Amino acid sequence: MSYDPRWADDPREPHEDPREPDVRERDRWNPRDVFLHELELPRGYERERVFDDAREYTLRGSESRTLATIGAFRVVPGHDLRDRDDRPLDPRNSELRHLREQGLVDTVRMDGRRDVAVFLTDRGHSLLEAHRRERDHDSRDQDPRDDDRRQEFYSGLVKPRELEHDAHVFQAYLHEVERLLERDSRVEHVVLDYELKREYQEWLHERDRGVPDADGRPDRTAEEISRWALEHDLPYFDDHVRFPDLRIEYLSLDGHHDHRDVEVTTVHYRGSHAAAVKRSGFSRYRGFSARTGRGSRPFDPHLAEELL
């Protein structure tokens, strides 16, 4: 290759990225990696041995990332997951097959799509919990993204009838993260509606727990419920607290902890349900429906008006 005299005026190596370091770091950051930062699991290209009680497994970094991502969202389409070569985890992918053969994940065919939904088994969930990093709140080396909330991990299929809807939650996350990255924000955790609803139910029944003659109905007043919703930054109207499908907790550029609530909608959202979603103020992501043949894309507000 012939010499270019302009090289003598540029002290950078030819392969060096000329952008600012924080911009380069942002572009290298993978939104699937955030769920690993609480875990002590392999990060490298080659497989390593890991243990959970008497069981032994082998994982490479991309497989650790896959387990953590699936655990955070409960169910993720295989084509939305990536192996070490950035290829989708379709049913024939060797990494997906390796995880299944070890009993860490399982799959179920998605209706109308040449794809599978992947979810953790009890073994997979146990492995993640066994390898949580110990937190030292006094350590100066602590990851600045850490706060009091731990990332929740799930296993199994709780609502098979809602598989089509739930499979889009991770896609909604990826879409919203792109918008957060444009503002130089960093994701800390994701919270699914299961966790928010569980916290609400525990609070509702806090007073009657263990009371022999309790009839099972909460005794919270509307004012108390409204105050609880306000404290948790959730909308409350028509005598109901509204929960998003996904809450993304992030750290803004100025160091402020904030969150973004996201609701996955489909063309089947109609009537009062669609109206409540619109009134909630959640960020909306329009999911693909195999029965309509439409591709997944961000929610179209004009379609919402038609549905209403």
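Two strands pair if DSSP finds at least two bridges between them, and I kept this in mind when I opened the model, which is a predicted one.

**Entry 1: the sheet**

I began with E4 and strand E5, the latter covering residues 116–120, and found that five bridges join them and that they run antiparallel.

**Entry 2: an arginine in H2**

Next I looked up Arg 65, which I found in helix H2, a helix made of residues 61–73. Is Arg 65 buried or exposed? Its relative accessibility is 12%, and since buried means under 20%, Arg 65 counts as buried. I also listed what Arg 65 touches, leaving aside residues up to four places away in sequence, and the list holds Asn 30, Arg 32, Asp 33, Leu 36, Arg 82 and Asp 83.

**Entry 3: H7 against H8**

I turned to helix H7, residues 193–204, and helix H8, residues 222–231, which pack at an angle of about 145° with their axes 12 Å apart. I recorded the crossing of H7 and H8 as right-handed. From H7 the contact is made by Leu 196, Glu 199, Tyr 200, Trp 203 and Leu 204, while H8 brings Glu 224, Ile 225 and Trp 228. Sorted by class, the contact of H7 with H8 has six nonpolar residues and two charged ones, with no polar residues.

**Entry 4: the two sides of H8**

Which residues of H8 are buried? I found Glu 224, Ile 225, Trp 228 and Ala 229 to be buried in H8. These residues lie on the same side of H8, because they cover an arc of only 135° around the axis. I then asked what covers the buried residues of H8, and the cover includes H7, strand E7 at 236–237 and strand E8 at 240–241. Last, I followed the chain past the end of the helix, where H8 is followed by Asp 233, a residue whose phi is positive, near 55°.

Methods
Residues numbered from 1 in each chain as written. Predicted model: local features only at pLDDT ≥ 70, side-chain atom pairs only at ≥ 80, totals over all residues. Heavy atoms only, no water. Helix = DSSP H or I, 4+ residues; strand = E, 2+ residues; numbered from the N terminus. Buried < 20%, exposed > 50% of the residue type's maximum accessible area, 1.4 Å probe, protein only. Contact = heavy atoms within 4.5 Å. Axes fitted to C-alpha atoms, helices over the stretch in contact; angles between N-to-C directions. Left-handed = near helix turned anticlockwise from the far one by under 90°. Nonpolar A, V, L, I, M, F, W, Y, C, P; charged D, E, K, R; others polar. Arc of directions from axis to C-beta.
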